[in-house]
Amino acid sequence: MSRRLAAAVVVVLGAALLGGCATTVHIEPADDANNPLCAEVSVGLQNVGNLADKDRRWTDAQATGAWGDEGAASAIILRCGVAVPAPTSALQCVTLEGVDWLVDASETPLLRLTTYGRDPAVQLYIDTGAVSSNDVISTRTLVAAITTIPADGNCPAPDELDEDAQELLELG
């Protein structure tokens, strides 16, 4: 084998091996992930590079997004097409950056935010031990992607965040 061919083989194999190091984040798609409005969200996510200083990562499911450090669990996961919450949800409903969210802080430090008054619903899982949830939800490009789904309702009576949820949003 000539030196050029051997060098080419080494370069191709090296690129293949290095490419294999980039992990794809496995996410279960939401039941309504194939909704055309989720496709609009996905298009909008292309404008979201880093989120809360975390790099965008590849995902293996439709209508999803993930951000985090390579080799670590994702700090932020987005799924579009989750079940639309009932208007009688026991979770707090708050308006942040023009989006109504149901806030579930029951799995601290994991914070789950689900859009309210949008069909399909979008859900964010934020590891507040790794990123500030306020930095996530205040990102204009993320808000722009989510608001491609028109609001058809809003929090019936927006709540003040309880102390635990407020702390997670501010300090997370």
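Reader: What share of the contacts in the chain with a separation of 6 or more comes from residues 24 or more positions apart?

Author: First, a heads-up: this is a predicted model, with local features needing pLDDT of at least 70 and side-chain atom pairs counting only at pLDDT 80 or more, while totals for chains, interfaces and linings use all residues. Residues are numbered from 1 along each chain as its sequence is written, and side-chain values use heavy atoms, leaving out hydrogens and water. A contact means heavy atoms within 4.5 Å. Among contacts with a separation of 6 or more, the share from residues 24 or more positions apart is 59%.

Reader: How do the elements of the chain run from the N terminus on?

Author: Helices (H or I, at least four residues) and strands (E, at least two) are DSSP runs, numbered from the N terminus. The chain has 5 helices and 7 strands. Read from the N terminus, the elements go α-α-β-β-β-β-β-β-β-α-α-α.

Reader: Which strands are at the edges of the sheet?

Author: Strands pair if DSSP finds at least two bridges between them. The 7 strands make an open, antiparallel sheet in the order β1-β2-β3-β7-β6-β5-β4. Pairing on one side only marks the edge strands, which are β1 (56–57) and β4.

Reader: In β7, which residue is the bridge partner of Val-82?

Author: Look at β3 (residues 76–82) and β7 (residues 121–127), which pair antiparallel over 6 bridges. There, Val-82 has as its partner in β7 Ala-121.

Reader: Which residue in the turn between β4 and β5 has a positive phi?

Author: β4 (residues 92–96) and β5 (residues 99–107) are antiparallel, with 5 bridges, and one of the bridge pairs is Val-94 with Trp-101. The two strands form a hairpin with 2 residues between them. The turn residue with a positive phi, about 55 degrees, is Glu-97.

Reader: At what angle does helix α2 run to β3?

Author: Helix α2 (residues 36–45) lies across β1, β2 (64–67) and β3. Axes are lines fitted to C-alpha atoms, for helices over the stretch in contact, and angles run from 0 to 180 degrees between N-to-C directions. On that scale, α2 runs to β3 at about 155 degrees.

Reader: And how much of the chain is buried?

Author: Buried means under 20% relative accessible area (1.4 Å probe, protein chains only). Of the 172 residues in the chain, the buried share is 41%.

Methods:
Buried means under 20% relative accessible area, exposed over 50%, partly exposed in between (1.4 Å probe, protein chains only).
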